[in-house]
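Reader: I would like to learn how to read a protein model. Could you take me through one, feature by feature?

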Amino acid sequence: MQSKAAIMQAMHWDDLQFFLSLARTGLLTIAARQLDVDATTVGRRIRRLERSLGGQTLFVQGRDGHVLTEAGRRLLARVETIEREADAIAGGGDQADGEDVRGHLRVSASEGFGTWMVAHHLGEFAGAHPHLSIDLAANSGFLDPSRREADVAILLARPQRGPLITKKLSDYRLCLYAARAYLDRHPPIAARGDLPAHRMIGYVPDLLYSPELNYLDELGPAVEARLRSSSINAQYRMVAAGSGIGVLPCFIGDRDGALVRVLPEVAITRSFWLVTHQDSRHLPRTALFVEWLSALMLRQRSRLLGESDGIVATATLSSLLQGQA
């Protein structure tokens, strides 16, 4: 086994920057663009680093790019420690709240929250930190901070294990929504017992990526989705097109003035959990994003909980529809 002195002598320290960029982006092409070199150079420098570490394999080629091995994850923790110390020496700790924060930040969120909440406001954060490169992975499924797939993840349930720091970000509510055009063409809905007679929209049961998305079971055993999609955005589009009734987060449903709440008294509450790796939580870019997102959630609390003025209009329309019965 190589001694520490031999490893230090063999290692080209700037190779660690190539390693860090590839570890955070997962793609040779993106890492190369960040480093202003070609992808071949990135690959060559990674192989040289692996040789200097005694032939350790730091990455394996996965379906979606380069994935850290266990040895790679251990090295990443050490390199990020070096990075934090270098930032402190250079005064980075004093500038953590300014425009000089640099590097790459990857954020993972559910499709709905990532699209309708984070993406809607992310330009605000990016504008405050113009030298920071940000990836927003907003899709059906999550990247895993414990495996360094993301710097920050917003999850639907609190993780039970792993080297993670977790805090509750916010509660949010979901309600039943339909387009006015759909309600005009179908019998009024006065109680949950009326729902089975209507076309319901929901998730594909065997494609649920989190049990917290299984909403329809809470509405009654006879309520089943006849139009289904693994995508909450697709479900929203179907509801907006007048195809049926669906359960949507209030921060989605209330944004569309053409949608109204069905049975406004029926609400489902869920929570968002903010998760970071314990070794990267205090990196300036991660800490700043966590601080910004937490403040955003406080500002958006009424929207998350569906406490907007739209409820009044919804209740009025519901009364009118019942009066027509």
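Reader: Let me start with one residue. Where is the place of S231?

Author: First, a caution: this is a predicted model. Now to the residue. To place it, find the elements on either side. S231 sits in the loop between β8 (225-228) and α8.

Reader: Is S231 buried or exposed?

Author: For that, look at the relative accessible area. Under 20% counts as buried. S231 has 14%, so S231 is buried. Look also at what lies across from this residue. The C-alpha atoms of S231 and Y203 are separated by 7.4 Å, yet the two residues are 28 apart along the chain.

Reader: Where is confidence lowest, and where is it highest?

Author: Start with the average. The chain has a mean pLDDT of 84, and 85% of the residues score at least 70. Helix α12 (residues 310-323) is lowest, with a mean of 40. Helix α9 (residues 250-253) is highest, at 97.

Reader: Next, helix packing. How are α6 and α8 set relative to each other?

Author: Take the angle between the axes. From 65 to 115 degrees counts as roughly perpendicular. The axes of α6 and α8 are 8 Å apart, at an angle of about 70°. The two helices are therefore roughly perpendicular to each other.

Reader: Which residues make the contact between α6 and α8?

Author: From α6 come E111, G112, T115 and W116. From α8 come I232, N233 and Y236.

Reader: What do W116 and Y236 form?

Author: They form an aromatic pair. Check two values: the distance between ring centres and the angle between planes. Here the centres are 5.0 Å apart and the planes are at 80°. Over 60 counts as edge-to-face, so this pair is edge-to-face. W116 lies in helix α6 (residues 111-128) and Y236 in helix α8 (residues 232-240), so the pair ties together parts that are 120 residues apart in sequence. Both residues are buried.

Reader: How many aromatic pairs does the count come to?

Author: The count comes to 11. Rings can also group into a cluster. F113, Y172, F251 and F272 form one.

Reader: Back to α6. At what angle do α6 and α10 cross?

Author: They cross at roughly 115°, and the axes come within 11 Å. Helix α10 covers residues 284-299. So α6 and α10 are roughly perpendicular to each other. Their crossing is right-handed. The contact uses several residues of α6, among them F113, M117, H121 and F125. The partners in α10 include L288, F289, W292 and L296.

Reader: Are α2 and α3 perpendicular or oblique?

Author: Work from the angle again. The axes of helix α2 (residues 15-25) and α3 come within 8 Å and cross at roughly 130°. That makes α2 and α3 oblique to each other. This crossing is right-handed. In α2, Q17, F18, S21, L22 and T25 take part, and they meet L28, I30, A31, Q34 and L35 in α3.

Reader: Last, the backbone. What is the phi of D36?

Author: D36 has a positive phi of about 60°, although D36 is not a glycine. Now place the residue. D36 is in the loop between α3 (28-35) and α4 (39-52). With a relative accessible area of 70%, D36 is exposed.

Reader: And L263: is that residue buried or exposed?

Author: L263 is buried, with a relative accessible area of 3%. Its phi is positive too, near 50°, in a residue other than glycine. L263 lies in strand β10 (residues 259-277).

Conventions: Residues numbered from 1 in each chain as written. Predicted model: local features only at pLDDT ≥ 70, side-chain atom pairs only at ≥ 80, totals over all residues. Heavy atoms only, no water. Phe/Tyr/Trp six-rings, centres within 6.5 Å; stacked < 30°, edge-to-face > 60°. Helix = DSSP H or I, 4+ residues; strand = E, 2+ residues; numbered from the N terminus. Buried < 20%, exposed > 50% of the residue type's maximum accessible area, 1.4 Å probe, protein only. pLDDT = per-residue confidence, 0-100. Axes fitted to C-alpha atoms, helices over the stretch in contact; angles between N-to-C directions. Parallel < 35°, antiparallel > 145°, perpendicular 65-115°, else oblique. Left-handed = near helix turned anticlockwise from the far one by under 90°. Contact = heavy atoms within 4.5 Å.
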